[in-house]
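Visitor: I have a new model open and would like to learn how to read it. Could you take me through it feature by feature?

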Amino acid sequence: MPAQRITGGMVAAAGAIALAASAMADVQSVIDYRKDVMLSMAAHLSALTGLLAGEMDFDQGHVEAQATSLGVNAQLVSALFPPGSDSGETAALPAIWQRPEQFLARAEAAEREGRNLVAAVETGDREFMVQSLKRLADACRSCHRAFRSEDG
Ligand code: HEC
């Protein structure tokens, strides 16, 4: 039996497998980054809710920092779901890529409410801040209900 020769085809196949593996790793990095942004928004939202409840002695600088971080991260939401980032350890539902207009509408609503929140903080009006934060939290929930799986 002739000794096996390494052919160009075999090298190409090995290369394709390595490429596919690294593409999969990249997809999981995108998914992990997406979750980090989501988690950071949840943390800022919870921190700001606590501050606005008014039971702590932190100054306005804390309110501004939490609101700005939340508002700035909210601007990223529509870019967090590139095509192909639908498989791996993710709770993102396929509907995101099947009904992109509906998904984008929700992402843009959250982005808009994020900008409103930052504007509200700039006015210094507490009631306006509380209302803006509530509308942003509603925008988070509205998207999760439609586009995130419960158990992922
Ligand atoms: C346009 C849709 C959309 C909006 C708006 C949105 N999310 Fe999400 N969120 C998702 C999807 C989809 C996932 C699942 C992501 C995944 O597993 O890849 C998710 C996941 C999460 C997670 C879980 C992260 C993890 O570690 O698995 C948290 C927490 C979260 N979102 C918080 C928020 C908060 C807070 C807001 C609002 C400030 C928000 N999200 C706005 C769609 C959205």
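Guide: Gladly. Helices (H or I, at least four residues) and strands (E, at least two) are DSSP runs, numbered from the N terminus. This is a predicted model, in which local features need pLDDT of at least 70 and side-chain atom pairs count only at pLDDT 80 or more, while totals for chains, interfaces and linings use all residues. Residues are numbered from 1 along each chain as its sequence is written, and side-chain values use heavy atoms, with hydrogens and water left out.

Visitor: How many helices and strands does the protein have?

Guide: There are five helices and zero strands. From the N terminus on, the order reads α-α-α-α-α.

Visitor: What is the volume of the largest pocket?

Guide: Here is the general idea: rolling a probe the size of a water molecule over the atoms shows where empty space is left. On a 1 Å grid over the protein atoms alone, a pocket is an open set of points where a 1.4 Å probe fits, with protein on both sides within 12 Å along at least five of seven lines; lining residues have an atom within 4 Å of a point. Grid points are joined across faces, edges and corners, and the volume is the space filled by probe spheres set on the points. In this model the largest pocket comes to about 700 Å³. Its lining counts 32 residues, and the closest to the centre are Met 38, Phe 81, Cys 140, His 144 and Arg 148.

Visitor: Which elements give two or more residues to that lining?

Guide: They are helix H1 (8-52), helix H4 (100-123) and helix H5 (126-147). H5 gives the most, with nine residues. By class, the lining holds 21 nonpolar, four polar and seven charged residues; here Ala, Val, Leu, Ile, Met, Phe, Trp, Tyr, Cys and Pro count as nonpolar, Asp, Glu, Lys and Arg as charged, and the others, Gly among them, as polar.

Visitor: Which residues are the protein donors of the iron atom of the ligand?

Guide: Donors are N, O and S atoms within 2.8 Å of the metal (3.2 Å for Na, K and Ca); water is not among the atoms, so sites may look incomplete. For this iron atom, the protein donors are Met 38 (SD) and His 144 (NE2), lying 2.1 to 2.4 Å from it. The pair links distant parts of the chain, with Met 38 in helix H1 and His 144 in helix H5, 106 residues apart.

Visitor: What is the geometry of the site?

Guide: Ideal angles at a metal are 90 or 180 degrees for six octahedral donors. Six donors count as octahedral if opposite ones are over 155 degrees apart and all others between 65 and 115. This site is octahedral, with angles of 87 to 178 degrees among its six donor atoms.

Visitor: Is Met 38 buried or partly exposed?

Guide: Buried means under 20% relative accessible area, exposed over 50%, and partly exposed in between (1.4 Å probe, protein chains only). Met 38 is partly exposed at 26%, and His 144 is partly exposed at 27%. Leu 48 in helix H1 is buried, with a relative accessible area of 1%. Its C-alpha lies 8.4 Å from that of Leu 133, 85 residues apart in sequence.

Visitor: What span should H4 have?

Guide: The expected span is 1.5 Å times one less than the number of residues. The 24 residues of H4 should therefore span 34 Å, and its end C-alpha atoms are 35 Å apart, which agrees. Among its buried residues are Phe 103, Glu 111 and Leu 117. Just after H4, Gly 124 takes a positive phi of about 75 degrees.

Key. Four donors count as tetrahedral if all angles lie between 85 and 135 degrees; four count as square planar and six as octahedral if opposite donors are over 155 degrees apart and all others between 65 and 115; anything else is irregular.
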